[in-house]
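Here is a friendly walk through a model, meant to be read with the structure open beside you. Take it one chain at a time and turn the view as you go.

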Amino acid sequence: MTATTAKIAVRGVGKVFRTRDADRPFTALDGVDLDVREGEFLTLVGPSGCGKSTLLDLIGGLAAPTSGEILLDGEPVTGPGLDRGVVFQQYALFPWRTALANVAFGLEAKSVPRREREERARHHLGLVGLRGFEDRYPHELSGGMRQRVAIARSLAFDPDVLLMDEPFAALDAQTRESLQEELLGIWERTGKTIVFITHGIDEAVYLGQRVAVMTSRPGRIKQVIDVEFDSRTGDLRADPRFGEYRHRLWTLLRDEVAAAREQEVARVG
Amino acid sequence: MADTLTSPAAVSAPALERSRGGGIAARLGAFGKRSLAVALLLALWEILPRAGVVDRVFLPPLSEDLAAWADLLRSGELLEHTEASVARSLTGFGLAIVVAIPLGLLIGWYKPVAEFLSPVLELFRNTSAVALLPVFTLILGIGETSKIAFVLYACAWPILLNTISGVKTVDPLLVKSARSMGLPPARLFQKVLLPAAVPAIFTGVRLAGAYSILVLLFAEIVGAKAGLGYLINAAQSSFRIQDMYAGIITISVIGLLFNQLLVHLERRFSTWRTT
């Protein structure tokens, strides 16, 4: 594979949902173009309702685009697969399974032998700092720990791509920061390609090597900003350039958020 | 990384307390309170007829009923009737489980089947099983078959309806999450829908357990040659009032024990559904 080939290529993708009112279909995405490079950490921001999650579903193969195509390693995406792992905001852990069994779930789907399954699940729970919590059920874990389990579950079956849909949005600020830091660490160690949806500008700048900004509905990619720091260690948020990036994103998003709000008012009113 | 290892441990302490600290003292207290009410009821049953507040011909004091119960036990009569009733109840109940769970899973899983059947289900579930007893007797006679079929019918509904709703109310995000890992429909069913529906299914089974005894008693009172319902009814019509109460006591104890057993099983299978 050449360096110019994108890991994920989104080409002119549109998604239209049918609604109860057949004459007024709902256009969520319209002409989305986006390339995600191999091993890249890309964050995706946009006003609420702009179709961020829809785009992630399409990349995950959970839904099919109405127009355009999505290529993964040059091959069109036709459905979900274990080459991509999805992490949801609401954790989506199986409540009847222990932390360990949750992490092993994807490995069962992959038909990994039992003994190896357990070993790998243990290893990945350790990777997210949950050694000693193997036998806990999700309801016995805090929100941050549940999300750690969910991340471990997605890492365990070793996908090339991690698709994360506002995974830290439901967590308190402190837990969120420590998980962000750990996710960066995991990304550096594993070299996964990560597409991370957020509505937090700070989070987008802190995590993303590049930040893709989406327009209000129908969602399109407005601009992609390269975020470059000399080093990601230390207190990145105190770096003056962090503030600059933050401000650029804020300016880009401001108009879109206003437009999204008007749409919402028009729809409800 | 140091922060990684310490932070979950810090969060876990309250989570652990919440889940494992049941409070044995509180439980004992609750048990005491409940037994107290029962003891009071039994005492009234003994005292009121003796004091002449109620007619002791129609409500003999508890001690006399218990003596009659002991006599029935010694003569073997009680055992014979209990056996007949329990065998019918369990057979009907067991068959209901075997029939209703798979059917409920099927209806809950396949939308077209559910849409097609739901009007019929609504109709039948609002028709009291008791109202249909004459139909069962008409078609299947007054023997064992009609009684077992009657219990089966009454027990099938709670199991069926709870199984359907159990499958239907599975968190769609869990299904989505499993689908994102490329699980084919059959394994999705086995690994997500079925385990998610287990607590609801058990609730149905527990309700059915109670029904299995209630409706059978009714069928036995209406027409049978053995069974506790028959004993109660026959004792009443031949004015063996103490025997009648002995039968009633037996059936309520059996019902209580059976329900306790099912509640216990239900808890065991749904420990994860605590929050």
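Chain B is divided into domain 1 (2–51) and domain 2 (62–269), with bounds that come from an automatic or database domain assignment. The C-alpha centres of domain 1 of chain B and domain 2 of chain B lie 29 Å apart.

A word on the source: this is a predicted model, in which local features need pLDDT of at least 70 and side-chain atom pairs count only at pLDDT 80 or more, while totals for chains, interfaces and linings use all residues. Residues are numbered from 1 along each chain as its sequence is written, and chains are lettered from A and ligands numbered from 1 in the order in which they are written.

**The sheets of chain A.** Helices (H or I, at least four residues) and strands (E, at least two) are DSSP runs, numbered from the N terminus. Two strands pair if DSSP finds at least two bridges between them. In chain A, four strands make an open, antiparallel sheet in the order β2-β1-β4-β5. Because β2 (26–36) and β5 (75–76) of chain A stand at the edges with a single partner strand each, one side of each is left without a neighbour in the sheet. Strand β1(A) is joined to β2(A) by seven bridges, running antiparallel. On its way through β1 (residues 8–17) of chain A, the chain also meets β4 (residues 67–72) of chain A, in the antiparallel sense over five bridges. Which residues partner Ile8(A)? In β2(A) the bridge partner is Val36(A), and in β4(A) it is Leu72(A). Val10(A) has Ile70(A) as its bridge partner in β4(A).

β6(A) pairs with β7 (residues 161–165) of chain A in the parallel sense over four bridges, and Arg84(A) stands opposite Val161(A) in β7(A). Contact here is between residues whose C-beta atoms, placed from the backbone, lie within 7 Å.

**Two helices, one per chain.** The expected span is 1.5 Å times one less than the number of residues.

| Helix | Residues | Length | Span | Expected span |
|---|---|---|---|---|
| α3(A) | 114–127 | 14 residues | 20 Å | 20 Å |
| α3(B) | 62–75 | 14 residues | 20 Å | 20 Å |

A residue is buried if 20 or more other C-beta atoms lie within 10 Å of its own, exposed if 12 or fewer, and partly exposed in between, with C-beta atoms placed from the backbone. In α3(B), the buried residues are Leu62(B), Asp65(B), Ala68(B) and Leu72(B). They cover an arc of only 125 degrees around the axis, which puts them on the same side of α3(B); the arc is that of the directions from the helix axis to the C-beta atoms. They pack against α2 (24–51), α4 (77–109) and α11 (241–269) of chain B. The face of α3(B) turned away from the buried side carries the exposed Ser63(B), Ala70(B) and Arg74(B).

Technical notes:
Contact = placed C-beta atoms within 7 Å.
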